[in-house]
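Subject: Structure handover and notes

Dear colleague,

I am passing on the structure we spoke about, with my notes below it. Please look through the coordinates before you read on.

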Amino acid sequence: MRIAIPSETADGFESIRSGHFGHAPYFTIVEIDGDTVTSVESVKNVEHDQFGCGGVIEHAIGLGLDGILTIGMGRPPMTRFSQAGITVYSETQTPKVGDVVQLFLAGKVHRMNPADACAH
């Protein structure tokens, strides 16, 4: 499984999570096999102001993801990811990437409810 976590820095598990998917400077990409992390990499996001939300979505889809683990996301990106077969997960309390990955591996992170998506 390949998941992206919107992040403020390119520091892998030490990165602080970004509060909103579309404006995240980086995606921390985590490869998971069963209950084991097999790789971690940071990928620069495209500039939201330059490419718009659609450009950010297309960039993320092009990363070959199975899921996105976010703090917040609007309805349009959530819908586009669902249509592309990418599951959107949400966890809003844990600031560090490595810590939220551990919660994900422990089954304590769930799919994002469409009612929780930002209304913009």
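Which residue in the turn between strand 2 and strand 3 has a positive phi? Gly 34 does, at about 70°, in a hairpin that leaves two residues between the strands.

Before the rest, a word on conventions. This is a predicted model, in which local features need pLDDT of at least 70 and side-chain atom pairs count only at pLDDT 80 or more, while totals for chains, interfaces and linings use all residues. Residues are numbered from 1 along each chain as its sequence is written, and side-chain values use heavy atoms, with hydrogens and water left out. Helices (H or I, at least four residues) and strands (E, at least two) are DSSP runs, numbered from the N terminus.

As for confidence, pLDDT (the predictor's confidence in each residue, from 0 to 100) averages 89 over the protein, and 90% of the residues score at least 70.

Two strands are taken to pair if DSSP finds at least two bridges between them. By that criterion strand 2 and strand 3 are antiparallel over eight bridges, with Val 30 and Val 40 as bridge partners. Strand 4 and strand 5 are parallel over four bridges, and Leu 69 has Tyr 89 of strand 5 as its bridge partner. Tyr 89 also stands opposite Arg 111 in strand 6, where strand 5 and strand 6 (residues 110-111) pair in the antiparallel sense over two bridges. Strand 4, helix 2 (residues 75-83) and strand 5 together make a right-handed β-α-β unit (right-handed if, with the strands pointing away from the viewer, the path from the first strand over the helix to the second runs clockwise).

Helix 3 (residues 97-105) has as its buried residues Val 97, Gly 98, Val 100, Val 101 and Phe 104, where buried means under 20% relative accessible area, exposed over 50% and partly exposed in between (1.4 Å probe, protein chains only). Seen down the helix axis, these residues fall within an arc of 165° (taken from the directions from the axis to the C-beta atoms), so they line one face of helix 3. Their cover includes strand 1 (2-7), strand 2 (26-33), strand 3 (36-44), strand 4 (67-70) and strand 5 (87-90). Just after helix 3, Gly 107 takes a positive phi of about 75°.

Two single residues may also interest you. Arg 2, in strand 1, is buried at a relative accessible area of 15%, and a polar atom of its side chain lies 2.8 Å from the backbone oxygen of Leu 63. Leaving aside neighbours within four places in sequence, Arg 2 is in contact (heavy atoms within 4.5 Å) with residues including Glu 31, Glu 41 and Asp 66. Val 37, in strand 3, counts as partly exposed at 25% relative accessibility, and among its contacts beyond four places in sequence are Phe 13, Val 101 and Leu 105.

Notes. Polar contact = N/O pair within 3.5 Å; in protein donor to acceptor, adjacent residues only side chain to side chain.
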